[in-house]
Amino acid sequence: MRARRSAIALSAIAAGSLIGIVGCSPASGGGSGDEQTLTVSYIRTDAFTALDTLMQTTKEQFEADNDGVTVELQPASANDEDYKTRLALSHRSADTAPDIFYQDTTTVRADAEAGYLLALDDYLAEWEDWDQFSDAAKQAGVGNDGQTYAVSLGTDTRGLWYSIPVLEAAGIETPWQPETWDDVLAMAEAVQSSDPDAVPFMLYAGTGTGEGSNMQGFYQLLYGTELGGDALYDSESGKWVVGSQGFIDSLEFVQTVYDEGYALPVDRALDPNVWQSVFGELFPGDALGATIEGSYTPSFWVPGGSFEWDSYADNMGVAAFPTQNGDGPGVSMSGGWTLAVGAQTDAPDLAFEFLTMALSFDNSLSYVNENSQIAVRADVAADPSYTEANPFVGAVTEFVEFTYFRPATSDYNQISAAVQRATEAVITGQASPAEAAAEYDREVESIVGADQVIAP
Amino acid sequence: MTRSTTAGSPPPSRRRTGSTTVVRALVRGGPLLPAAILLAVFLIVPILWAFVGSFTNATLTGVTATSPEWVGGANYERLFADPDFSLSLWLTVVFTVASAVIGQNVLGFAIAFAMTRAHRRMAAIGGGVIVLAWVLPEIVAAFVAYAFFSRDGTLNQLLGVVGLAGDNWLFIAPMATIILANVWRGTAFSMLIYRAALAEVPPELIEAAEIDGANAWQRLMRVTLPVLRGTIATTLMLITLQTLSVFTLIYVMTAGGPGNASSTLPVFAYQEAFRFGSVAYGTAIATVMLIIGAVFSLGYIAVLRRAEADR
């Protein structure tokens, strides 16, 4: 078994080197002898330092409380996808697997199945703070076998962020709350005729912005069609939905937005860094009407954020993204990240203790505030410093009531890529919405097999 | 009859005992041993493992990450039915032929040939500029090329100076940009080899041809090029193999996009293995690349042998 595992690992490395990638040097794993070392793996980039702050703080507290234990922080300067790949590769050997790590909720199930994550039920049962976590947050860390493998750090929701000056110049009253997709298009048309230089409504699409195209774009549409929460994946049968009218309708909406010139030109929309223009140039420059973005949006503009903007609170508004025909209060998508413990750790007790320290009331509160996350602990959510962190906290927290989580199966990444390709084919004009939807159906069937798809 | 007498007296080596033969083989082969072991451990074994891995359903995560199953040729069946693969194969051929076989090779030779006739100082300056691209680490060269072709890049600024409107070249002509970038980056290598080889062409051969009344074109085609046949084959082999495996340049400039309009085999394999987690499928693509590289090498080696035999 062990030999086979390393054989596969080596073959992955060989494949990597064959195609000309220099692998990252493996970092040392758990400690030996009297000195215990805990390794912690997470993301730290210029635009995302909140987690690094949390880990530095926790490391100090933990080392002060535990003599002889060294916490080795291993921040990765990578985007989410590269980090996840690197983390999965590091789990292939006990020498490189970290003890504690930042784990995306969408990969909890697959990584638990792969045996990378330690089941935490016995530990959680004895942790008094566990009751503070909301049910949705608890659910995010559950594996296919029903055991809990990860503890939520915070979640997010998505809504329609709009520029008050741009909308008012187009004669639209604010606060604005569209009821249907047509209301959104009507706003875009009004902005286009009032200011031809402005971008009326940016809708992320295509493979350039990766998962963001789906979370802050296509899913917001798809989950607001007839099938609602089961539009992508039928939760009852556990099968992927193909051939739905909602999928074609959503693609048609995307096509309209791009064909009418409401969004940025296609080549800019496909630039992976287009979101930086949205936050850094377009909204602050009153050059964008609206876009779908996450609850974390204000974190870019607050003092110390990547694109500081003093007057964002007066210039911006947020509304729930409407469903296709106005059924229900709106649509939001949620993701979020967790902390998990490696299954191959030498010191599971210490690792879990570190995890609880990082997620304590004080640490959670400062992390959630610094990172503009939606709190998952009831005591944090009730704290005045959280509710008053920025003027939008109340509104985006309300979206939790109608938010959806993605189907976190092991095939999800490939399906997500197929959705991105479908939107890209439509905005580049390579395929009509119906053709792109048919191609998507074909791809899904080849990814999961014909017995794992369902037609409405 | 001298031959039969020589054959009649047995050669001294025949009398040697078996043990001396072994000792001799060890003395001769011994120094090669460390290199052979290193090659076996770090090259042959991983290749074999990768080959074996391509017959499993290993993934990056999920159940099959830690306990992959043998699936026979399923990955290869999927590969040959995959329209993305045929596109990727075609793009790889276009990229290799255009940027290596034509671009780097012909341009490298032309520059080297021109330098033999240019003023020495001109040749030194020209050579220096060209070698600069070769000296840059691949990731730096890739960023430079990206900065040149991108929407607000150098090329569009230059076009703006002469009053022409630029475009997003990486988006509207992804293959052309990565081909040009690879020509820019790699031409120095073949130029250096051809320069050294041109210096070795015996001047009396050229002079003799000149006396026989051959013009400059005829001297190049009938004398210089045939003399350099071995060098040309070696250079082609090296730059072809190098270009087949170019990854960083493409990944930084276009990441295989837009869509998959510039996803050559290395980028395709990377995306399948690491972005979508199908490690085994990615390994199958890598194996196909290995075979393509091997076929090219065999072809060039055959040409090389013939060139050597003609000498």
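pLDDT is the predictor's confidence in each residue, from 0 to 100. This is a predicted model, in which local features need pLDDT of at least 70 and side-chain atom pairs count only at pLDDT 80 or more, while totals for chains, interfaces and linings use all residues. Residues are numbered from 1 along each chain as its sequence is written, and chains are lettered from A in the order in which they are written.

**View 1. Confidence along chain A.** Chain A has a mean pLDDT of 87, with 93% of its residues at 70 or more. Over residues 1-33 of chain A, however, pLDDT stays under 50. Where pLDDT is low, the predicted coordinates should not be read in detail.

**View 2. The two domains of chain A.** The domain assignment (automatic or from a database) gives domain 1 as 29-156 + 335-400 and domain 2 as 158-334 + 411-454. In chain A, 17 residues of domain 1 are in contact with 16 residues of domain 2, contact meaning that C-beta atoms, placed from the backbone, lie within 7 Å.

**View 3. The side of chain B that touches chain A.** Here 36 residues of chain B are in contact with 33 residues of chain A. Helices α3 (33-53), α4 (63-66), α16 (265-275) and α17 (279-310) of chain B each supply at least two residues of this side, helices being DSSP runs (H or I) of at least four residues, and strands (E) of at least two, numbered from the N terminus.

View 4. Residues 89-113 of chain B are 100% helix and 0% strand, with end C-alpha atoms 33 Å apart, whereas residues 125-149 of chain B are 92% helix and 0% strand, with end C-alpha atoms 25 Å apart.
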